Amino acid sequence: MIVCQACGHRNPLRTRYCHACGVRLEANLREIAVAVEEDREAQMAERWLERGRSLFLLGAFFLTCALVLRYAVVPELPPAVMPPIAAGPLLPPAASAP
Amino acid sequence: MVWLIRTLIGFAVFVVAVVFAATWLPAWLNRVQVPVDYDDLQGLEGGKGLWLEPPPYRAGDVLAYRLGPGPDDVGFGVVVALPGDSVRLSEDRLLVNGEAVRPWSPYQPLRGLAELGPLTVPAGHWFVVSTRHQRDSLAHGPIGAERVLGKVRE
Amino acid sequence: MNGPFVSWSSGQRLLLGVALLIAGAVMLVAAAGIAWRAVQRWLAVGELRAAHAQLHRGRLDEARRLAAAAAERLPREPSAQLLALDPADPQAGERLRALASACERANDRHAVLATLGLLQALAGRAVDAPLEGTGDARLLAAIRAAHGERMASWRLVAGEDPPQRQVLLAAHTVLLRQALRLRSRDDVRLHAGALLLLDPGHPRAALLRPLLLALSPAAADEELVRAVAEAREESEALARTIAALVPERRAALTARWPGLAEQTP
């Protein structure tokens, strides 16, 4: 950031005239070095914010898709049904005997 | 301000899409196709796609149910008896809790047997009948919830 | 989205970016987990549907294999666990008790307890599964009483939970056997008729129909003999049972199966 010597407004790097009062900006080498460093940090922060925002939106989208898949698309499980249990032959044993 | 409006519109579209998917998608996936050669129940044309509804099922509802693994192994029948009801076949009439089911068409395979039952319809089962009895409870027994696809939406 | 953050310092924007990144990563992991479980559930539903279709066709082993595959995918779901259970397994009782305590839905718990009760009743043991106030409790008591010389019976009370299909099937089978043993025609008609209505497509229908025909005065002897012959390898045993139950049909049956004359009391 380059600080305007007239009004004190903080202007972005590569600004020739103050965005607030229009005065031509003058900066010494130390100020430029600080401004370059600040700009680098700002760009890095912007990149991380961009990455975070992208991953957040991606996560929210896939989470919603997964929830729709689980609760809307996948059918309900059938109810519990007793397994077949043999209750023996239909005819009494005496009838089957030769 | 523009950012806020854009975000709100995007969010609203997303919410509408999710709600639509969550309500319409299950119903669409649960649709059933009437087999092309089907002629066992009046009002159901072969080849027609039907929307189904979940329980509870009441007497008079038309149920769609699975009778096998194939896509055409589907049956349709009118619910005449609910779980716990008593069903009896007497002199070619079907009696549910003592009351004769109407309309009723005779069932040939059980002709000659004066009296059948009574049978208590088991828990989670429905006794359904159709016109020709080819795929109803007289041919397959009471239909269990595990085989029921849903009731046909009127 | 940059709008509200314009006035934020680089440090704050960096912090927000990292926080969003972490939240996004957590949501992606959660989405993957939910999607994985949803797919497993979907596959299990397909396997269970196939298992029920096989069960309906009488292919019990295939049904149990499919249910076991579904149970492996969903270890906590009673609908898969119960169908995969082998009633002959000595550990079946313990597994059913554990499953009953893990059931969330009342209907599932009822089915699990009824399975336990039926296994106990058929083994002649006291039924300790808590099924009071249900039709199943009355049927299981009738199954236990069916070994005596007095015909066991039950009456379902209005408002009680209806019985499970397998319990009903077992009760009618056991009581039909007792009715045949005690030669009680009315009870044979009642239980054979109920079994035929419960599962008309089952192979046992070939035995039930002749029993009912024999008790139906309108049915001719020739029709009865034809129906008994359709029972194939069991036709002679069936003819013997009918001859003992309905002596007036014995002559017609003996003409077709001469061996009955000396065997039937």
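How many salt bridges does a search of the whole structure find over all chains? In this predicted model, the search returns 21 salt bridges over all chains.

Within chain A, Arg10(A) forms a salt bridge with Glu38(A), with the closest N and O atoms 3.5 Å apart. Arg10(A) belongs to strand β2 (residues 10-11) and Glu38(A) to helix α1 (residues 29-73) of chain A, so the pair ties together parts that are 28 residues apart in sequence. Both partners are partly exposed, Arg10(A) with a relative accessible area of 47% and Glu38(A) with 28%.

In chain C, a salt bridge joins the side chains of Arg97(C) and Glu94(C), at 3.5 Å from N to O. These two residues are three apart in helix α4 (residues 92-102) of chain C and are therefore separated by about one helical turn. Arg97(C) is partly exposed, at 35% relative accessibility. A further salt bridge links Asp108(C) to Arg105(C), the closest N and O atoms being 2.9 Å apart. Here Asp108(C) is buried, at 3% relative accessibility, whereas Arg105(C) is partly exposed, at 39%. Glu94(C), Arg97(C) and Asp128(C) are joined into one network by salt bridges that share partners.

The contact between chains C and A involves 65 residues of chain C and 45 residues of chain A. About 4,900 Å² is buried between them, and carbon and sulfur atoms give 77% of this area. One salt bridge is counted between the two chains; Arg13(C) pairs with Glu46(A), with 2.1 Å between the closest N and O atoms. Five residue pairs are in polar contact across this interface. Among the elements of chain C that give two or more residues to the side touching chain A are α1 (10-56), α2 (60-73) and α7 (165-182). The largest share of that side, 26 residues, comes from α1(C). By residue class, the side of chain C that touches chain A comprises 43 nonpolar, twelve polar and ten charged residues.

In chain B, five of the five residues of strand β10 (residues 125-129) are buried, so the strand is largely enclosed by the rest of the structure. His125(B), Phe127(B) and Val129(B) point one way from β10(B), while Trp126(B) and Val128(B) point the other way. Strand β5 (residues 74-81) of chain B runs antiparallel to β10(B) and is joined to it by three bridges, with Ala81(B) opposite Phe127(B). Strand β11 (residues 143-144) of chain B also pairs with β10(B) in the antiparallel sense, over two bridges, and Trp126(B) stands opposite Ile143(B) of β11(B).

Technical notes
Residues are numbered from 1 along each chain as its sequence is written. Chains are lettered from A and ligands numbered from 1 in the order in which they are written. This is a predicted model: local features need pLDDT of at least 70, side-chain atom pairs count only at pLDDT 80 or more; totals for chains, interfaces and linings use all residues. Side-chain values use heavy atoms; hydrogens and water are left out. Contact means heavy atoms within 4.5 Å. Buried area is the accessible area (1.4 Å probe) that two parts lose on being put together, summed over both. A salt bridge is a side-chain nitrogen of Lys or Arg within 4 Å of a carboxyl oxygen of Asp or Glu. A polar contact is a pair of N or O atoms within 3.5 Å; within protein, one must be able to donate a hydrogen and the other to accept it, and residues adjacent in sequence count only if both atoms are side-chain atoms. Helices (H or I, at least four residues) and strands (E, at least two) are DSSP runs, numbered from the N terminus. Ala, Val, Leu, Ile, Met, Phe, Trp, Tyr, Cys and Pro count as nonpolar, Asp, Glu, Lys and Arg as charged, and the others, Gly among them, as polar. Buried means under 20% relative accessible area, exposed over 50%, partly exposed in between (1.4 Å probe, protein chains only). Two strands pair if DSSP finds at least two bridges between them.
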